[in-house]
Amino acid sequence: MKLLDTINKDNLPKHLAIIMDGNGRWAKQKGLLRAFGHENGTKSVRVTVEACAKLGIENLTLYAFSTENWKRPKLEVDTLMKLLISSLKNELETLQKNNIRLNCIGTIDLLPAKAKTELLAVMEKTKNNSRMTLTLALSYGSREELLNAVKIISNKVKNNIISIDSLDESIINQHLYTHNLPDVDLVIRTSGEHRISNFLLWQIAYAEFYFTDVLWPDFKEDDLYEAIISYQKRERRFGKTSEQIK
Ligand code: IPE
Ligand code: IPE
Ligand code: MG
């Protein structure tokens with residue numbers, strides 16, 4: 001039996017977030033430059049995006065570039081930005097064909113002008129698509145996102161737009177870049193690293209985690225299905241007892 005057939009379509013994560021890691025090591029293992037790893041990583045992005053949409057996942061968020069990744073050598077950053085631009089151009093068709101809306105989180109003002117323009121253009125062209133929201137985390141850092149929310153909320157409190165007494169979790173949610181997304185249900189990280197690397201710290205409060213040694217350029221449909229099957233075997237208790245859940 002195919003892995004896909006064992007997935008319960010009624011118990012999919014509503015929001016799947018993926019830390020796509022291991023491009024550099026994939027290339028190194030093959031004696032290639034890191035850039036080849038990133039290039040091949042884009043193929044896994046396409047495969048994963050299409051597979052998630054076909055499966056019925058409503059929200060997919062991909063960690064593509066962190067606030068910390070700006071510290072990489074300039075040549076690598078330039079390569080990643082060029083790949084971002086070409087992927088946005090090439091994948092518009094895939095997004096339209098699959099009825100996927102593109103969204104982004106992060107400080108996109110820091111991206112090169114060309115990348116930002118292309119990103120906004122694809123977001124605009126896909127804004128009415130409704131099968132799945134694909135969010136790219138670009139120049140994204142969770143601490144920066146939280147700090148930004150604190151600043152906006154503080155200003156509103158100072159100007160009597162919000163009272164301190166009315167502050168609650170939903171107000172914080174509304175001021176995050178992810179304000180239009182549900183909490184993350186499942187986080188997948190590839191490449192054998194077991195860390196969060198400043199990704200969606202608030203939004204993963206009750207997420208399930210799935211770590212795989214597979215390097216991102218090798219990640220394909222069956223790896224995605226295995227992660228979802230693992231997720232579906234878990235009992236999410238949210239602090240309650242097992243008896244309360246049943
Ligand atoms: C993930 O692969 C891509 C980005 C972080 C942009 P890496 O480039 O981190 O690959 P490794 O971890 O060095 O193998
Ligand atoms: C996390 O990967 C960021 C992305 C996948 C975009 P990194 O490779 O940058 O993370 P660390 O440095 O191993 O924590
Ligand atoms: Mg890495």
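Predicted model: local features only at pLDDT ≥ 70, side-chain atom pairs only at ≥ 80, totals over all residues.

Visitor: What makes Asp21 a polar contact of ligand 2?

Guide: The cut-off is 3.5 Å between N or O atoms. An N or O atom in the Asp21 side chain lies 3.2 Å from an oxygen atom of ligand 2. That is within 3.5 Å, so the pair counts.

Visitor: How do you know that Asn69 and Arg195 make polar contacts with ligand 2?

Guide: A polar side-chain atom of Asn69 is 2.9 Å from a ligand 2 oxygen. For Arg195, an N or O atom of the side chain is 2.8 Å from an oxygen of ligand 2. The limit is 3.5 Å, so both pairs pass.

Visitor: Why is Tyr63 counted among the residues around ligand 2?

Guide: A residue needs a heavy atom within 4 Å of the molecule. Tyr63 is on the list, so one of its heavy atoms meets that limit. Strand β2, residues 59-66, gives the largest share of this shell, three residues.

Visitor: Why is ligand 2 said to sit in the largest pocket?

Guide: The test asks for more than half of a molecule's atoms within 2 Å of the pocket's grid points. Ligand 2 sits in the largest pocket, so it passes. This pocket holds about 1,000 Å³ of space. It has 45 lining residues; Met20, Asn23, Tyr63, Ala64 and Leu80 are the closest to its centre.

Visitor: Which element supplies the largest share of that lining?

Guide: α3, with twelve residues.

Terms used: Residues numbered from 1 in each chain as written. Chains lettered and ligands numbered in written order. Heavy atoms only, no water. Polar contact = N/O pair within 3.5 Å; in protein donor to acceptor, adjacent residues only side chain to side chain. 1 Å grid on protein atoms, 1.4 Å probe; cavity = no way out; pocket = protein on both sides within 12 Å on 5 of 7 lines; lining within 4 Å. Helix = DSSP H or I, 4+ residues; strand = E, 2+ residues; numbered from the N terminus. Points joined across faces, edges and corners; volume = space filled by probe spheres on them.
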